[in-house]
Amino acid sequence: MVKVTFFLLDVDYDIVDEKPLIRIYGKTADNKSITIFFRNFFPYFYVKVKEGKEEEFIDFIEKRFKSQIVRVHIAEKYLPIGFSREKTKLFVIHLKNPSKVPELREALHMQNFVEKTFEADILFKYRFMADKDLSGCKWYEAEGDFALNTQTVFTELKFEAINFKEIEEIRIPEFKILSVDIEVANEGGMPDPQKNPISIISLAFYPEFRGKRNLVLVAKKANIDVDYAEFFSSEKEMLERFLEIVKSFDPDLIVGYNINNFDIPYIIQRFKANGIKPYLGRAKKSARSEKIGEEKYKNSIVGRVIVDFYDILKELS
């Protein structure tokens with residue numbers, strides 16, 4: 001067994017052999033990117049069954065969901081809602097696949113032998129972090145082995161852990177930072193990512209990327225010889241180059257102004273429009289953008305942290 005110290009940036013999971021494989025992304029003490037893998041942690045939730053209906057409950061889940069369940073056991077807990085002097089007997093259901101939790105929960109809600117379910121709406125990665133007492137932007141020591149061989153993640157190091165321990169550190173890692181800003185070709189009004197292509201992607205690097213602090217990608221050929229710009233014959237060619245730069249530079253932080261609600265979701269949609277997989281993160285997993293309001297988006301680039309200065313200024317004002 002060996003130990004590695006890392007600063008936690010992000011957590012996600014993959015399904016391997018019908019079981020979840022936790023992936024923790026971070027930076028080591030010597031500033032290398034690392035993925036920490038963790039096995040044998042399964043999603044679970046609690047079920048309060050009506051008195052005398054326990055056998056009916058067990059029979060139901062064995063007939064309907066046996067192939068999806070790892071195990072079922074009984075725990076005594078204080079109910080999270082209301083006040084009770086004594087603990088209540090609850091069934092705990094552990095499943096193989098986190099995506100199946102809502103399906104089982106809804107099926108149980110339809111049965112008259114179930115009184116209530118608890119904690120079935122906790123996202124799997126947050127369940128793992130809570131149970132293992134892990135938080136973002138803290139230092140941890142993982143015990144395990146570097147022997148894992150995988151091509152599913154793009155970090156410098158891969159490590160499989162069996163346990164974690166928080167450690168005291170006062171310094172912040174030397175992050176790689178990529179600043180992004182886009183310009184869109186349109187004739188006025190709000191641009192439409194389904195119609196209006198990206199014409200320019202402006203980038204700034206910290207530290208330097210191959211001797212450059214700044215770089216401008218332009219989706220049009222030009223007879224200009226400058227070292228701070230690259231010119232392409234199409235938007236698709238420019239986006240492929242942008243993807244190559246992100247993967248090669250491997251930033252920890254992607255920063256910008258209003259990138260959460262404009263630049264990032266626009267880039268992701270233009271990737272899709274050009275038939276390119278938006279693998280902007282540290283795994284073979286597409287970057288995601290979900291609209292959660294009229295003009296607000298929730299974005300995810302696995303293994304990297306998005307820092308939007310517009311959001312920060314709004315919070316401070």
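Author: Ala, Val, Leu, Ile, Met, Phe, Trp, Tyr, Cys and Pro count as nonpolar, Asp, Glu, Lys and Arg as charged, and the others, Gly among them, as polar. Please keep in mind that this is a predicted model.

Reader: How do the residues of the lining of the second largest pocket divide by these classes?

Author: They divide into eight nonpolar, three polar and four charged. The pocket itself has a volume of about 380 Å³, and of the 15 residues that line this second largest pocket, Met190, Asn261, Phe262, Glu295 and Tyr297 are the closest to its centre. By the classes just given, Met, Phe and Tyr are nonpolar and Glu is charged. Helix α5 (259–273) and helix α6 (309–316) each supply at least two residues of this lining, and the largest share, five residues, comes from α5.

Reader: What is the volume of the largest pocket, and what lines it?

Author: Its volume is about 1,100 Å³, and of its 38 lining residues the closest to the centre are Leu123, Lys125, Tyr126, Arg288 and Lys298. The largest share of this lining, six residues, comes from strand β1, while α2 (101–109) and α3 (124–131) are among the other elements that each supply at least two. By class, the lining of the largest pocket has 21 nonpolar, five polar and 12 charged residues.

Reader: Is Asp10 called buried or exposed, and why?

Author: The relative accessibility of Asp10 is 15%, and buried means under 20%, so Asp10 counts as buried. Asp10 lies in strand β1 (residues 2–16), and its contacts include Arg23, Tyr25, Lys125 and Gly303.

Reader: What makes the pair of Asp10 and Gly303 a polar contact?

Author: The backbone nitrogen of Gly303 lies 2.8 Å from a polar atom of the side chain of Asp10, and the cut-off for such a pair of N or O atoms is within 3.5 Å, so the distance meets the cut-off.

Reader: Which residues does a cis peptide bond join?

Author: The cis bond joins Tyr206 and Pro207, with omega about -5°, and Pro207 is found in strand β11 (residues 198–209).

Key: Residues are numbered from 1 along each chain as its sequence is written. This is a predicted model: local features need pLDDT of at least 70, side-chain atom pairs count only at pLDDT 80 or more; totals for chains, interfaces and linings use all residues. Side-chain values use heavy atoms; hydrogens and water are left out. Helices (H or I, at least four residues) and strands (E, at least two) are DSSP runs, numbered from the N terminus. Buried means under 20% relative accessible area, exposed over 50%, partly exposed in between (1.4 Å probe, protein chains only). A polar contact is a pair of N or O atoms within 3.5 Å; within protein, one must be able to donate a hydrogen and the other to accept it, and residues adjacent in sequence count only if both atoms are side-chain atoms. Contact means heavy atoms within 4.5 Å. On a 1 Å grid over the protein atoms alone, a cavity is a set of points where a 1.4 Å probe fits but cannot get out, and a pocket is an open set with protein on both sides within 12 Å along at least five of seven lines; lining residues have an atom within 4 Å of a point. Grid points are joined across faces, edges and corners, and a volume is the space filled by probe spheres set on the points. Lists of a residue's contacts leave out its neighbours within four places in sequence.
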